[in-house]
Structures are given as structure tokens and as C-alpha cells.
Amino acid sequence: MALSVTNQSTPLGSRIVQDTNANATAADNTTGTTGSLYYVEIDNTGNAGAVYAKFADSTNATGGTTAADICLLADGSKTTRYVFPNGVSFGTGFSHWCVTAAAESSVASPGSAVTLRYVTS
């Protein structure tokens with residue numbers, strides 16, 4: 001997994017998180033702090049089928065076990081963007097994973113790489 005975090009100036013957000021191979025294995029505590037989620041981009045252009053990017057307010061999540069606080073759909077062969085103008089608060093930490101079904105128990109990783117980007121404070 002290639003994960004990068006870039007600090008940004010306020011007020012919109014202070015970090016851009018990018019995971020170039022988001023899959024069923026959770027990337028835990030990606031920002032190392034609490035904050036708010038403002039923007040998510042899911043690049044699913046490499047897969048014909050839909051994927052679901054899941055976020056948990058947790059520092060230690062497990063795909064297929066941890067209940068997601070946010071579950072976002074990205075159709076196949078598309079890049080999908082979501083904006084949360086007021087931010088969604090994460091009081092513990094940011095963890096994410098990406099699977100091929102919306103069910104909490106889903107553990108199937110996408111067949112090809114999915115790039116997940118998000119902006120947090």
C-alpha cells in the first residue's frame with residue numbers, strides 16, 4: 001500500500017491523504033490525530049464493478065469486522081467525489097478501507113488498484 005499525507009493550510013483542511021491501493025485491509029490512524037473529513041475522491045477507473053470506500057472513527061479498524069461510520073459508493077470505471085462542507089467529525093482517528101460490497105462483513109478487495117484521496121482538518 002502506498003500511503004501519503006500532505007499537510008495543508010487551514011481553514012478548509014490541513015491534510016490530504018492519498019492511498020494508491022485502497023483495499024480490504026484497513027489503513028489505520030492515517031492522520032495520526034482527530035479532526036473533520038471535508039472531501040473524498042475515489043478513483044475506481046481500473047475496475048468495471050462498483051467499490052465502497054469505508055471510513056471508521058477509529059485508530060485500529062478491521063475491514064469486514066469494524067462498523068464503518070461512512071460508506072461511499074464509487075461506480076465502476078469512474079472517479080467519484082464527495083464534499084462535506086461542514087465536515088464530518090472524527091473524534092478518535094481516521095481509518096479507511098475499500099471493498100466490493102456495502103455489507104459490513106464484506107472483505108473482498110477490488111480486483112485492480114483504487115486510489116482514495118481525502119481532505120481532513
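**Ground rules.** I am working with a predicted model, in which local features need pLDDT of at least 70 and side-chain atom pairs count only at pLDDT 80 or more, while totals for chains, interfaces and linings use all residues. I number residues from 1 along each chain as its sequence is written, and side-chain values use heavy atoms, with hydrogens and water left out.

**Entry 1, the whole chain.** I looked up the secondary structure and found 0 helices and 8 strands, where helices (H or I, at least four residues) and strands (E, at least two) are DSSP runs numbered from the N terminus. Along the sequence the pattern reads β-β-β-β-β-β-β-β. The radius of gyration is 13 Å, close to the 14 Å that the globule rule gives for 121 residues, so the chain is as compact as a globular protein of that length; the radius is taken over C-alpha atoms, and the rule is 2.2 Å times the number of residues to the power 0.38. I noted that the C-alpha trace spans about 35 × 25 × 25 Å along its principal axes.

I then checked burial: 44% of the 121 residues count as buried, a word I use for under 20% relative accessible area, with exposed over 50% and partly exposed in between (1.4 Å probe, protein chains only). Among contacts (heavy atoms within 4.5 Å), those between residues 24 or more positions apart account for 76% of the ones with a separation of 6 or more.

**Entry 2, the sheet.** I traced an open sheet of 5 strands in the order S1-S2-S8-S3-S6, with antiparallel pairing; two strands pair if DSSP finds at least two bridges between them. Strand S1 (3-7) and S6 stand at the edges with a single partner strand each, so one side of each is left without a neighbour in the sheet. Neighbouring strands are turned by 15° against each other on average, direction ignored, with axes being lines fitted to C-alpha atoms and angles running from 0 to 180 degrees between N-to-C directions.

I went through the pairings in turn. Strand S2 (residues 15-19) pairs with S8 over 5 antiparallel bridges, and Asp 19 stands opposite Leu 116 in S8. S3 pairs with S8 over 6 bridges, again antiparallel, and there Ile 42 stands opposite Leu 116. S3 and S6 pair in the antiparallel sense over 8 bridges, with Val 83 in S6 as the bridge partner of Tyr 39. I also recorded that S3 is mostly covered, with 7 of its 9 residues buried.

I looked up Thr 80, which lies in strand S6 (residues 79-90) and counts as buried at 17% relative accessibility. Beyond residues up to four places away in sequence, Thr 80 touches Val 40, Glu 41, Ile 42, Leu 73, Ala 74 and Asp 75.

I counted 3 aromatic pairs, taking rings of Phe, Tyr and Trp (its six-membered ring) as paired if their centres lie within 6.5 Å, with planes under 30 degrees apart counted as stacked, over 60 as edge-to-face and the rest as tilted. The rings of Phe 55 and Tyr 118 have centres 5.0 Å apart and planes at 85°, so this pair is edge-to-face. It links distant parts of the chain, with Phe 55 in strand S4 (residues 51-57) and Tyr 118 in strand S8 (residues 115-120), 63 residues apart. Phe 55 is buried, with a relative accessible area of 0%, and Tyr 118 is likewise buried at 0%.

Phe 94 and Tyr 118 form a tilted pair, at 6.4 Å centre to centre and 35° between the planes. Phe 94 lies in strand S7 (residues 94-99) and Tyr 118 in strand S8, so the pair ties together parts that are 24 residues apart in sequence.
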